[in-house]
Amino acid sequence: MTTEIQGSARTYDVRTYGCQMNVHDSERISGLMEDAGYVRAATADAADVVVFNTCAVRENADNRLYGNLGHLRPTKLKNPGMQIAVGGCLAQKDQGDIVKKAPWVDVVFGTHNIGSLPALLERARHNDEAQVEILESLEVFPSTLPTKRESTYAGWVSISVGCNNTCTFCIVPSLRGKEKDRRPGDVLAEVRALVAEGVLEVTLLGQNVNSYGVEFGDRLAFGKLLRATGEVEGLERVRFTSPHPKDFTDDVIAAMAETPNVCHSLHMPLQSGSDRVLKAMRRSYRQEKYLGILDKVRAAMPDAAITTDIIVGFPGETDEDFEQTLEVVRQARFSSAFTFQYSKRPGTPAATMEEQLPKAVVQERYERLIATLEEITWAENKKLVGEKVEILVAVGEGRKDERTGRMSGRARDGRLVHFATGTTTPRPGDIVETVVTYAAPHHLNADGDPLSHRRTRAGDAHEAGRAPKLKGVSLGLPTIGAPAPLPPAQGCAL
């Protein structure tokens, strides 16, 4: 297929909202577009095709999308050849309603048919009418699609899509479908392909990452996959997100502790500290089990940095329930948290529950939660002043870096570090060792000269402007029968 008009390639811009899964899907979208002959627009405003990859989790997601579509309408009226496509979770939810509300949209595609986008754009242009295609189930695993990675040094690797849980506040399972697991060999092939391109860090990604293996009947598959990923030569950091406390098993803790390149950072969603609210949310764990998991993690890895998700103002939440959440926060000593005010999502059981809380009550509790969290994260960060940290240099993490003369990156435990470069000239993707000199609630500073600077192949790739662009490397959805065995884990003891 060609997208060339009068000898010049059409340009595209992808605008992403929402979770890590959406960020990774946008890499697939970019890969598809470039495989079809498009090139990324030098400036977003000048793109021939604008693709919105949407989220439906938050209450204002609809308003945000339609507001942005409204802003684009005058641009499209001035440029008749321009096309607008809407994909992602909100497209899966609203389907044809998007074209009814915004008739200047050309293509609507869902979470299960990302691969159809280039063909839908061609069809819309040829037929001069909007194309809406929403599949109700996954036909091709997204990792079979071409990918244009955004980073030379870090990559997302999807190990599963969909979710089998029924949390009452969450619309994701109805939009992403039931869990589909990739074969271990397919995952490892993608990891190796990324490392061959210079990538140093991968994040294993799934809606419920530690239930991996449910499709082929191995409840210990995720721990085995962590160990196997740890054996990939040249891979320096392995992360994963997001696990569910109900599926978190001791073998995963052991794999984290015993596999040298698996980072001692864990994102463990809490949502609420109240057993009564957790039951109403259909979260199949309680406060005692949650805190018990954190105790085991810290016993195995005393330096582990634990982050979380918390929802404030779930229907029926009382002052006593909220105080329970604050108490768990104080005991858990999180290094950071993603915090949300509950928002009603049509199609979820929680949306029809009685005792929806007034906005003022939710806001007041939210502010108290933030204050408590910042007090704790600041205290935890202060413990690291004077400690040596290894930083993977990043792009765009520090908004004040240019003014302060610093660069930024992530420590092995996931903390953000702004560091002085001294006489070194690090590049994104290089590794720097330095000493923490100052702590704030959300970041660390290291203002002395670096102790060391290691140039890496990832840094070389960034300097040369080469981000990994992979063809599909997996073999599609799992087939019936016993899975291929994981390679044996060797030399994992720390």
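A residue counts as buried under 20% relative accessible area, exposed over 50%, and partly exposed in between. R333 has 30% relative accessibility, so it falls in the partly exposed group. Keep in mind that you're looking at a predicted model.

**The whole chain**

- The protein chain carries 15 helices and 23 strands.
- It runs to 494 residues, and 54% of them count as buried.
- Take the contacts between residues at least 6 apart in sequence: 75% of these join residues at least 24 apart.

- Helix 11 covers residues 287–300, which makes 14 residues. From first C-alpha to last, helix 11 reaches 20 Å, close to the 20 Å expected at 1.5 Å a residue.
- Which residues of helix 11 are buried? They are Q287, Y290, L291, I293, L294 and V297.
- As background, an α-helix has 3.6 residues a turn, so residues three or four places apart point the same way.
- Over on the other side of helix 11, you'll find E288, D295 and A299 exposed.
- What do the buried residues of helix 11 pack against? Their partners are helix 9 (250–258), strand 13 (265–267), helix 10 (275–281), strand 14 (305–312) and helix 12 (319–332).

- In the loop between strand 12 and helix 9 sits S242. The peptide bond leading from T241 to S242 is cis, with omega near -10 degrees.
- Q271 belongs to the loop between strand 13 and helix 10. Is Q271 buried or exposed? With 8% relative accessibility, Q271 counts as buried.
- Leaving out neighbours within four places in sequence, Q271 is in contact with F169, M281, R283, Y285, D309, I310 and I311.

**The second largest pocket**

- This pocket has a volume of about 560 Å³.
- Its lining is made of 27 residues, and D303, A304, L384, D413 and R415 are the ones that lie nearest the pocket's centre.
- Strand 14 and strand 16 (388–393) each give at least two residues to the lining of the second largest pocket. The largest share, three residues, comes from strand 16.
- By type, the lining of this pocket splits into 13 nonpolar, two polar and 12 charged residues.

**Two positive phi angles**

- R333 is one to check: its phi is near 55 degrees, a positive value in a residue other than glycine. You'll find R333 in the loop between helix 12 and strand 15 (336–341).
- E355 also has a positive phi, about 65 degrees, although it is not a glycine. Its place is in the loop between strand 15 and helix 13 (359–382).
- E355 has 58% relative accessibility, so E355 counts as exposed, whereas R333, at 30%, counts as partly exposed.

Terms used
Residues numbered from 1 in each chain as written. Predicted model: local features only at pLDDT ≥ 70, side-chain atom pairs only at ≥ 80, totals over all residues. Heavy atoms only, no water. Helix = DSSP H or I, 4+ residues; strand = E, 2+ residues; numbered from the N terminus. Expected span 1.5 Å × (residues − 1). Buried < 20%, exposed > 50% of the residue type's maximum accessible area, 1.4 Å probe, protein only. Contact = heavy atoms within 4.5 Å. 1 Å grid on protein atoms, 1.4 Å probe; cavity = no way out; pocket = protein on both sides within 12 Å on 5 of 7 lines; lining within 4 Å. Points joined across faces, edges and corners; volume = space filled by probe spheres on them. Nonpolar A, V, L, I, M, F, W, Y, C, P; charged D, E, K, R; others polar.
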